[in-house]
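Here is a short briefing to keep beside the viewer. Have a look at the fold, then read on.

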Amino acid sequence: FVGDDLAATRQALLSAAEQADLVIAKGQGNYETLSDHPANVVFLFIAKCAAVAEELGVETGRFVVRETQAR
């Protein structure tokens, strides 16, 4: 998924992610791509840019573990 346009990603891959009980996504690129995805996702990454760090209320360079819930 990293940096992909989800609308252009193969349907089988998206279906698998949507049907999974939990998706673990590593890396800030996955956070940026999947943070609005309607699934249970746990993100593990380092906040490397000021915009993402500010959005999450952390300092740049900090490790982040963030969970989103399916909608």
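This is a predicted model: local features need pLDDT of at least 70, side-chain atom pairs count only at pLDDT 80 or more; totals for chains, interfaces and linings use all residues.

**Chain overview**
- Of the 71 residues in the chain, 34% are buried.
- The chain has an accessible surface of about 4700 Å², and carbon and sulfur atoms account for 50% of that surface.
- Among contacts in the chain with a separation of 6 or more, 33% link residues 24 or more positions apart.

**Nonpolar core**
- The largest nonpolar core has 14 residues, and those touching the most other members are Tyr31, Val41, Phe43, Phe45 and Leu56.
- Two or more residues of this core come from each of β1 (23-26), α2 (28-34), β2 (41-46) and α3 (50-56).
- In soluble globular proteins, nonpolar side chains tend to be buried together.

**Phe45 and its partners**
- Beyond its neighbours within four places in sequence, Phe45 is in contact with Gly27, Gln28, Tyr31, Val52, Leu56, Arg62, Phe63 and Val64.
- Two of these partners, Tyr31 and Leu56, are also named with Phe45 among the core residues that touch the most other members.

**Gln28, a buried residue in α2**
- Gln28 sits in helix α2 and counts as buried because its relative accessible area is 12%, under the 20% limit.
- Its side chain reaches the backbone nitrogen of Lys48 at 2.6 Å.
- Leaving out residues up to four places away in sequence, Gln28 touches Phe45, Ile46, Ala47, Lys48, Cys49 and Val52.

Definitions and conventions
Residues are numbered from 1 along each chain as its sequence is written. Side-chain values use heavy atoms; hydrogens and water are left out. A nonpolar core is a set of buried Ala, Val, Leu, Ile, Met, Phe, Trp, Tyr and Cys residues joined through side-chain atoms within 4.5 Å. Buried means under 20% relative accessible area, exposed over 50%, partly exposed in between (1.4 Å probe, protein chains only). Helices (H or I, at least four residues) and strands (E, at least two) are DSSP runs, numbered from the N terminus. Contact means heavy atoms within 4.5 Å. Accessible areas come from the Shrake-Rupley method with a 1.4 Å probe; for residues, only the protein chains shown count as cover. A polar contact is a pair of N or O atoms within 3.5 Å; within protein, one must be able to donate a hydrogen and the other to accept it, and residues adjacent in sequence count only if both atoms are side-chain atoms.
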